[in-house]
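Dear colleague,

Please find the structure below, together with its sequence.

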Amino acid sequence: MNKKFMLAFLLLTIPQLAAADSQWILEESTLTYHVSHPLKQTEGVSHAAKGKGACHAGQCDFLIAVPVKSFDSGDSNRDLHMLQVVRGGQFPLIAVRTHLPEDASSLTTILADLEIQFAGQTMQYKQIAFQHVTKGSDTLITGTIPLTLSDFKIDPPTLLALPVKNDIPVRVEMKWRPM
Amino acid sequence: MNQRAEKSGVALSVLIFLFVISIPLRAQDSNSSLSGVITSAAGAVVPNAKVAVKNLASGQLTETQTDSGGHYRVSNLMPGEYELSVSAEGYSTNTAKVTVAAGTGQTTDVTLAGVLSLQDLGISPDQAQGTAADQARLNKRSHMLMLHQRLGLIAAVPLIATVATSFGAGGRSTSTADRWTHLALGSAAGDLYFMSAYFAIRAPRIPGTPSRGQIRVHKALAWIHGPGMILTPILGAIAFDQKSKGEKVHGIASAHGAVAIVTAAAYGASIVSVSFKF
């Protein structure tokens, strides 16, 4: 009788345990954008991203936000010009949302559909590949998001009458840990 | 008896007739439907989402659920204004007003936002939203610095020419034309220089953004070529006057050449400091 009771108890609770809510927090991040111009290449780096993930019933929602003015290219004049070009005075944040199945944490390569809000525009990027490595309790995610200026209706800045390239790939390195 | 039966039969026929013709009318009133797909902000379909459709005039509520493909369909709706409310676990509820026309199948897709918000990340609404005034300030700054850059590059042309013509204007040379050419080019360079400097000085500052990188070198060099562009023409005027009187340039005026060369060199370095990465 006790065995039957225990078995019934386990059968009822295991699914509940498996579907228990969990949360993730972004511990560290490095976001690097790359701008190409015929005369020079420029990169800007930010370590100021904040992020959280909320998992429920086997599905996880992630939200990452980074201030536009946190990107440092090594020259404050260039950074302020970048801020002006991407309408950072009016839209100071870049927000990225994605929805992943919870079992994606078992995959080496995660394909994510991203919704990116930037410069007052919202764009969907489908099937962006991220590499996933687990180190202890930390989850390392790396990848490159293929942003373009035209996607966000940003006029390409020019140097000596030559415009920069439309492609602005953003390399992402993130360390997540469960809360 | 027969008359009574006959009358009853007629009444019954009328009733049946009225009933039959009323069926298509009722069908016409309520054969509208509302359907669509529920997706998340990331584009994934949302199965088992609760869809509630409420007639705003009558208050009548109809509920359904999305299928595995995120599709929902609510049939037999009367035409009118409805409130469509969609909720699902892990998402914030989304509500929309929909107008359903008679005899139509309306499609309304709904996107559900994740439960996470910027406030969950510790980002306040003030931090999340800038202002048009801030953007206007950035725009003005960029525009003025662009003018500063262009005028500064243009000024380099007469400045180089001024230095080149200095050899014919000073020293043992007695040529009046060379001196006037040197003076004119120097004046043009000076005018363009101060116009360029105006836009740099008056460009709006952005609070909370200290100078970093090679721009600091560019700004520091201005402390050399700025005073130099004031002192050089003053000394040059004295030297010009002495030469015009047939005298040899002497006294403080003899420093005109050296001050001019240092000024021009600092100006050139200033342009290089923002053109190349070191």
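This is a predicted model: local features need pLDDT of at least 70, side-chain atom pairs count only at pLDDT 80 or more; totals for chains, interfaces and linings use all residues.

I begin with A:Gln127, which lies in strand S7 (residues 121–135) of chain A; helices (H or I, at least four residues) and strands (E, at least two) are DSSP runs, numbered from the N terminus. Although A:Gln127 is not a glycine, its phi is positive, at about 50°. A:Gln127 counts as exposed, with 8 C-beta neighbours inside 10 Å.

Residues are numbered from 1 along each chain as its sequence is written, and chains are lettered from A and ligands numbered from 1 in the order in which they are written.

A positive phi, near 60°, is also found at A:Arg87, a residue other than glycine. A:Arg87 is placed in the loop between H2 and strand S5 (93–101) of chain A. Is A:Arg87 buried or exposed? A:Arg87 is buried, as 23 other C-beta atoms lie within 10 Å.

In chain B, helix H3 (residues 132–169) has 38 residues and spans 54 Å from its first C-alpha to its last, close to the 56 Å expected at 1.5 Å a residue (1.5 Å times one less than the number of residues). H3(B) has a kink of about 25° centred on B:Val163; the bend at a residue is the angle between axes fitted to the seven residues ending there and the seven starting there. B:Val163 is among the buried residues of H3(B), which also include B:Leu138, B:Arg141 and B:Pro158. The buried residues of H3(B) pack against helix H2 (76–85) of chain A, and against helix H4 (176–202) and helix H6 (256–273) of chain B.

The contact between the chains takes 36 residues from chain B and 33 residues from chain A, where two residues are in contact if their C-beta atoms, placed from the backbone, lie within 7 Å. On the side of chain B that touches chain A, H3(B) gives the most, with eight residues.

Yours sincerely

Conventions: A residue is buried if 20 or more other C-beta atoms lie within 10 Å of its own, exposed if 12 or fewer, and partly exposed in between; C-beta atoms are placed from the backbone.
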